[in-house]
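Please look at how the elements of the structure shown here are packed against one another.

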Amino acid sequence: MASTIKEIKNPWIRTLAEYGLITVSIWIMVIGIYFFKFPNHFAFGGVTGFSTVFSQLLHCSASTFTTVANYALLVLGFIFLGKSVGIRTVYATIVMSVSLQALDALVPMHGTLTDQPMLELVFAIMLPAVGSAILFNVGASSGGTDVIAMILKKYTSMNIGSALMAADVAAVGLSFAMYGPSTGLFSIMGLVAKSMVVDNVIENMNLCKCFNIVCEHPQAICDFIIHDLNRSATTFEARGAYSDAHKTVIMTTMRRSQAIRLRNFIRQQEPTAFIMIENSSEIIGKGFSPV
C-alpha cells in the first residue's frame with residue numbers, strides 16, 4: 001500500500017493518500033484497542049496499556065486517560081524535540097484520541113464483546129499490530145510512548161528498547177495487582193506476542209521476491225524487467241554442467257505483484273528457463289527501492 005502511494009506523481013494527491021492511509025491505520029488500531037483491549041483490561045502496549053490500569057485508579061474511562069496522556073506527551077515532545085516530533089505524529093495522535101472519545105460517546109462499552117478472553121486477546125494484539133505496521137511503512141507513528149522514545153534517544157544514552165519494555169512490564173505488573181492473575185497472565189501473553197506479530201506484519205508488508213533466472217535468450221526478459229516493470233537486473237554468463245550449453249543468469253528483485261507478471265512473462269517467452277524465486281524482507285544497496 002505504502003509503495004503504491006509513493007508511485008503517485010501528483011504531490012497533493014500523494015499527500016492526501018498518505019494521510020488517508022494513516023487515518024485508516026489508526027482506525028484499525030482504535031477498533032482493536034477500544035472493543036477488545038480496554039474491556040478486558042489487557043495492560044500491554046504503551047499508553048493504552050497504562051490506560052487500562054490508571055483509568056481504574058482515577059475513575060475515568062480508558063479512552064479519556066489515553067487522550068489526556070497522548071496530548072500531554074505531544075506537549076512534552078514539542079518542548080524537548082521541537083519540530084522533529086513531526087506533523088504526521090501529531091495528526092495520528094489527534095485522530096486516535098478523537099476516535100476513542102467518539103466511540104466512548106457513541107458506543108459505550110459496559111463489558112466484553114464475548115465471553116472468550118483468548119479470542120479477544122488475539123484481536124487486541126492483531127488489529128493494533130496491523131495498524132502500527134502500516135504507520136511504520138508510511139513513516140509515521142501513533143505518538144504516545146514513541147514520543148518518549150524520541151526524547152530518550154536525543155538526551156540520553158539509554159537503551160530505548162529496554163526502557164520501553166520496562167514500561168510495558170510495569171503496566172503488566174500493575175494489572176496483576178488491579179485485576180488479578182487471570183488478566184495479568186493474559187497481559188503477559190499479549191506483551192510477548194505483540195512484538196512478534198508487529199515484526200512479522202512489517203516483514204510481510206516489505207516482502208520482496210528475488211529472482212535467479214537461468215535462460216538462453218536473456219534480452220527479451222531484461223527488456224521486460226527494465227521497460228515494463230521499471231526495475232533493473234544483473235546478468236552474468238554461465239555454462240550448464242551436464243549439457244555444457246551456454247547460459248545467462250539474470251538476477252533481479254521486485255515487489256510481489258511485479259514478480260507474478262515476470263514469472264508469467266518468462267513462462268510465455270522461454271518455457272525452458274530455470275527460475276529460482278526467494279523471499280526477502282530486507283534488501284540493502286545503492287539504487288534499490290521496493291517501490
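In this predicted model, Ala220, Ile221, Phe224, Ile225 and Asp228 in α10 meet Arg261, Leu262, Phe265, Ile266 and Gln269 in α11. Two packed helices are described by the angle between their axes and the distance between the axes. For α10 and α11 the angle is about 150°, and the axes are 10 Å apart; because angles over 145 degrees count as roughly antiparallel, this makes α10 roughly antiparallel to α11. The crossing in which α10 passes α11 is right-handed.

Helix α10 itself, which spans residues 218–228, has Ile221, Cys222, Phe224 and Ile225 as its buried residues. An α-helix has 3.6 residues a turn, so residues three or four places apart point the same way. On the other side of α10, Gln219 and His227 are exposed. Which elements cover the buried residues of α10? The cover includes the strands β1 (208–215), β2 (234–239) and β3 (246–255), together with the helix α11 (256–269). After α10 comes Asn230, whose phi is positive, near 60°.

Strand β3, which is among the elements that cover the buried residues of α10, holds Thr248. Is Thr248 buried or exposed? Its relative accessible area is 6%, and because buried means under 20%, Thr248 counts as buried. When residues up to four places away in sequence are not counted, Thr248 touches Ile213, Val214, Cys215, Pro218, Thr235, Phe236 and Glu237. Of these partners, Ile213, Val214 and Cys215 fall within the range of β1, 208–215, Thr235, Phe236 and Glu237 fall within the range of β2, 234–239, and Pro218 falls within the range of α10, 218–228.

Helix α3 (residues 46–58) and helix α4 (residues 62–81) pack at an angle of about 120°, and their axes are 8 Å apart. That angle makes α3 oblique to α4, and α3 passes α4 in a right-handed crossing. On the α3 side the contact is formed by Val47, Thr48, Phe50, Ser51, Phe54, Ser55 and Leu58, which meet Ala62, Phe65, Thr66, Ala69, Asn70 and Leu73 in α4. The residues of the contact of α3 with α4 divide into eight nonpolar, five polar and no charged.

One of the α4 residues in this contact is Thr66, and with a relative accessible area of 1% Thr66 is buried. Leaving aside residues up to four places away in sequence, Thr66 touches Phe38, Val47, Thr48, Ser51 and Leu100; among these, Val47, Thr48 and Ser51 are also listed on the α3 side of the contact between the two helices. Further along in α4 lies Gly77, which is buried, with a relative accessible area of 0%. Gly77 and Ile148 are 71 residues apart in sequence, yet their C-alpha atoms are 7.7 Å apart in space.

In the loop between α2 (11–40) and α3, His41 has a positive phi of about 60° although it is not a glycine, and with a relative accessible area of 27% His41 is partly exposed. In the loop between α3 and α4, the phi of His59 is near 55°, likewise a positive value in a residue other than glycine. Is His59 buried or exposed? At 73% relative accessibility, His59 counts as exposed.

These details belong to a protein chain with 11 helices and four strands. Of its 291 residues, 43% count as buried. Among the contacts in the protein chain with a separation of 6 or more, residues 24 or more positions apart account for 73%.

Notes
Residues numbered from 1 in each chain as written. Predicted model: local features only at pLDDT ≥ 70, side-chain atom pairs only at ≥ 80, totals over all residues. Heavy atoms only, no water. Axes fitted to C-alpha atoms, helices over the stretch in contact; angles between N-to-C directions. Parallel < 35°, antiparallel > 145°, perpendicular 65-115°, else oblique. Left-handed = near helix turned anticlockwise from the far one by under 90°. Contact = heavy atoms within 4.5 Å. Nonpolar A, V, L, I, M, F, W, Y, C, P; charged D, E, K, R; others polar. Buried < 20%, exposed > 50% of the residue type's maximum accessible area, 1.4 Å probe, protein only.
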